[in-house]
Amino acid sequence: MGPRGWKELFLSLFDYKTEKYVVAKNKKVGLLYRLLQFFILTYLVVWVFIIKKGYQDVDTSLQSAVVTKVKGVAFTNTSALGARLWDVADYVIPAQGENVFFVVTNLIVTPNQRQRTCAEREDIPDGLCSEDSDCHPGEAVIAGHGVKTGRCLRAGDQARGTCEIFAWCPLETKSEPEEPFLKEAEDFTIFIKNFIRFPKFNFSKSNVMDIKDKSFLKFCHFGPENHYCPIFRLGSVIRWAGSSFQELALKGGVIGIRIEWNCDLDKAASECNPHYSFSRLDNKPAKSVSSGYNFRFARYYRDQAGVEFRTLLKAYGIRFDVMVNGKAGKFNIIPTIINVGSGLALMSAGAFFCDLVLIYLIKKSGFYRDKKYEEVRSCPPDNVLEAEEEEEEEEEEPGLGLSEQPVSESGLQEQPEQPKAQHGSLDLKGNSYVSPQRLEPSRPGHLVNVEQPQTLQTVET
């Protein structure tokens, strides 16, 4: 590459290239293009910016703490326990309220159990036997209640019996509850206190309203008319979850309480409020073999002789899971620019689609394709290119002929300017000079007489 080539390459760095647009007078394609622009603009404004708030920076790393309290009392009078009053310490497990807690609604009580030998229950397959050799001493009964002693106990003349075990006797009876033990549980109240924080924006809030009246929480209940009271009636929560209290209290179940925080921090902090939803999380009894929710626990005592005994309680009840999630958004220029740029890119995609329709799908696609694209088959030699450039320059600045000379108002043809001589106004040739052409005035419609140049002698001084 010579010096000229390097110079052209350097100067080309300062060239600006722009696209060439072809205006296609096609109403169908034009209407399609405007419709695409309208839908893309509607999507960008309505969905991205108004509904999804695409102009905001979002924080989903919610930090949350939940404190729960249950209040209410119930009275029962049964043959196993006698007359008894039940309060929060008796029916709420664990006693320390957390985001997961259990409320007892039904009980099967086996009182006065002591560690001794007794027969295994007949519904335990591994506890069945025909002779003593079927009961290996020291072997635990699979899915049973104790350890085998080596004896097979048969009632009367029956051929089969059950192994003798060392366990807490008498064993728990296999019985199904017929009605809820704590019917008053429907009117128990649940207090849910929730603290949240969005670390990115350093924003914190609680679901308890900041009010000076301390008696507000003693009388209020959550409902459609009092959406900002975090005290819930247990029966109402079950009903909002789509279940019946009698059904759920009989065999137990799991209820989910969801607290949703969606905060727009471009607004006032008072506009950031929790939204509650309730649902049943366990399978309903008709859809599961192991229906409901229950577990066992015991309370231990000692008699006058110092021998330990216990009361076994099989508790049916409702487990509550409090789940907290949410997000916070605040205006930020970066996501705004990103979403606007995405919208502009979609606009370009609309133009690209219309180009495809214009040059490939419509009837006159060949005509529009020829107008849009220019084909160059080969590059001519440099001398041909230079000749074409010189012809273009001559066409851009053509000389005026005598017949095309402009005529002044006085009837004289105007003389085009002659190039000036380098040394003065005269073109010296030896001892003479050539005077320029002179145009004589003529009448309109007649030809112009032109004097021939005359050669003049110079006079020496």
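**Surface patches and salt bridges**

With seven residues, helix α2 (residues 27-51) gives the most to the nonpolar patch; helices here are DSSP runs of H or I with at least four residues, strands are runs of E with at least two, and both are numbered from the N terminus. The structure is a predicted model, in which local features need pLDDT of at least 70, side-chain atom pairs count only at pLDDT 80 or more, and totals for chains, interfaces and linings use all residues. Residues are numbered from 1 along each chain as its sequence is written, and side-chain values use heavy atoms, with hydrogens and water left out.

The nonpolar patch covers about 720 Å² of surface and is made by L41, Y43, V45, V46, W47, I50, I51 and L346. Patches consist of residues with over 30% relative accessible area and no salt bridge, joined within 9 Å for like charges and within 5 Å for nonpolar side chains (Val, Leu, Ile, Met, Phe, Trp, Tyr). Accessible areas come from the Shrake-Rupley method with a 1.4 Å probe, and for residues only the protein chains shown count as cover. Y43, in helix α2, has a relative accessible area of 42% and is therefore partly exposed, a class that lies between buried (under 20%) and exposed (over 50%), with a 1.4 Å probe and protein chains only.

K69 belongs to strand β2 (residues 63-71) and is partly exposed, at 49% relative accessibility.

Turning to charge pairs, a search of the whole structure finds 17 salt bridges, each a side-chain nitrogen of Lys or Arg within 4 Å of a carboxyl oxygen of Asp or Glu. One of them joins R114 to D303, with the closest N and O atoms 3.1 Å apart. This pair links distant parts of the chain, 189 residues apart: R114 is in strand β6 (residues 100-119), and D303 is in the loop between β15 (294-302) and β16 (308-331). D303 is partly exposed, at 25% relative accessibility.

In the salt bridge between K148 and E139, the closest N and O atoms are 2.9 Å apart. K148 is buried at 4% relative accessibility, whereas E139 is partly exposed at 33%. R319 and D321 also meet through their side chains, at 2.9 Å from N to O; here R319 is partly exposed at 27% and D321 is buried at 14%. Finally, a network of salt bridges links R84, D90 and R299.
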